[in-house]
Amino acid sequence: MNVTQDLDIITLILHASIVVKVVMLLLLLVSFMSWMFIFQKWFSIRRANAQTDKFEREFWGGNDLAALYQGAVNNRHTIGSLERIFESGFREFAKQRGQKGADVGDMVDSARRAMRATFQREMDYLERHLAFLASTGSVSPYVGLFGTVWGIMHAFRGLANVQQATLAQVAPGIAEALVATAIGLFAAIPAVIAYNRFARDIDRIAIQLESYIEEFSNILHRNAGHSPAPAAAPAAAPVR
């Protein structure tokens, strides 16, 4: 086998030591999972933004709150994060309002706590797999570097019994070791870029949801003295 053949990527991987092969396989697996989570997160954030914008248009378009609530109950499995927050807050407000002698402040505070709990569940869902992307971006280069160091050590050990080493003898071993670092960077760079982008998008959604919670709480406080709200439907865990 000549030097050109030895420096072919596939050949380098096949002729690498067992430790370097394990490192490469691990990094390729991590890279595959990272890309899978990147596409999943991209679609989920895109869907969350579209659902939030749609419900905000309906909510601030002057629609009746009772009608919006009933629509959220009927389509509980397909609504977005903002509509789930609205549903939980309105349900709790209606429940407290049905009790005799309920204080307005207590009713609004109870609704706000219910919305906060739903908000936290929605944020946990949106942030799922972000920690994996962060870990991939920070750890993969070091794992690849470990494979490279090990591969170079293995290459130089193979030259221990050679009286005169040439570049042609050393190059394939060093090249196959450097492939591990290349694969580590291939896994890390997209994960870092995706994490930064998704973290910024999720922070923007979180600010939007928190602002809505405060605005809706003020609306409930103003409407607390009006006609009774409709009976709340039983709660059900959202289906993802």
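**Salt bridges, cores and a surface patch**

Student: Which residue forms a salt bridge with arginine 197?
Tutor: Arginine 197 forms a salt bridge with aspartate 201, and the closest N and O atoms are 3.0 Å apart. Please keep in mind that this is a predicted model.

Student: Where do arginine 197 and aspartate 201 lie, and how many residues apart are they?
Tutor: Both belong to helix H8 (residues 167-223), where they are 4 residues apart, that is, separated by about one helical turn. An α-helix has 3.6 residues a turn, so residues three or four places apart point the same way.

Student: Is aspartate 201 buried or exposed?
Tutor: Aspartate 201 is buried, its relative accessible area being 10%. Arginine 197, at 43% relative accessibility, counts as partly exposed.

Student: How many salt bridges does the count come to?
Tutor: The count comes to 10 salt bridges. One of them joins lysine 54 to glutamate 58, with 2.8 Å between the closest N and O atoms. Side chains of opposite charge can pair when their charged atoms come close.

Student: Which helix holds lysine 54 and glutamate 58?
Tutor: They are in helix H3 (residues 18-59), 4 residues apart and separated by about one helical turn. Lysine 54 is partly exposed at a relative accessible area of 46%, and glutamate 58 is partly exposed at 25%.

Student: And what does lysine 95 meet in a salt bridge?
Tutor: The side chain of lysine 95 meets that of glutamate 92, at 3.8 Å from N to O. These two are 3 residues apart in helix H5 (residues 81-97), separated by about one helical turn. Lysine 95 counts as partly exposed at 46% relative accessibility, whereas glutamate 92 is buried at a relative accessible area of 17%.

Student: Which residues are linked in a network of salt bridges?
Tutor: A network of salt bridges links Asp109, Arg112, Arg116, Glu210 and Glu214.

Student: Changing topic: what does the secondary structure come to?
Tutor: The chain has 8 helices and 0 strands. Its elements run α-α-α-α-α-α-α-α from the N terminus on. Among contacts with a separation of 6 or more, 81% are between residues 24 or more positions apart.

Student: How many residues does the largest nonpolar core have?
Tutor: The largest nonpolar core has 37 residues, and those with the most contacts inside it are Phe59, Leu65, Phe86, Leu133, Tyr212 and Phe216. At least two residues of this core come from each of H3, helix H4 (65-74), H5, helix H6 (104-126), helix H7 (130-157) and H8. H8 gives the most to this core, with 12 residues. In soluble globular proteins, nonpolar side chains tend to be buried together.

Student: What is phenylalanine 86 in contact with?
Tutor: With its neighbours within four places in sequence left aside, phenylalanine 86 is in contact with Phe55, Phe59, Leu65, Leu68, Tyr69, Tyr212 and Phe216. There is also a second, separate core of 8 residues, which includes Val20, Val23, Ala180 and Ile183.

Student: Where is threonine 148, and is threonine 148 buried or exposed?
Tutor: Threonine 148 is in helix H7. At 5% relative accessibility, threonine 148 counts as buried. Beyond its neighbours within four places in sequence, threonine 148 is in contact with Ala177, Leu178, Ala180 and Thr181.

Student: Which residues of H6 are buried?
Tutor: Among the buried residues of H6 are Met107, Val108, Ala111, Met115, Phe119 and Glu122. As for length, the 23 residues of H6 should span 33 Å at 1.5 Å a residue, and its end C-alpha atoms are 33 Å apart, which agrees.

Conventions
Residues numbered from 1 in each chain as written. Predicted model: local features only at pLDDT ≥ 70, side-chain atom pairs only at ≥ 80, totals over all residues. Heavy atoms only, no water. Salt bridge = Lys/Arg side-chain N within 4 Å of Asp/Glu carboxyl O. Buried < 20%, exposed > 50% of the residue type's maximum accessible area, 1.4 Å probe, protein only. Core = buried A, V, L, I, M, F, W, Y, C linked by side-chain atoms within 4.5 Å. Contact = heavy atoms within 4.5 Å. Expected span 1.5 Å × (residues − 1).
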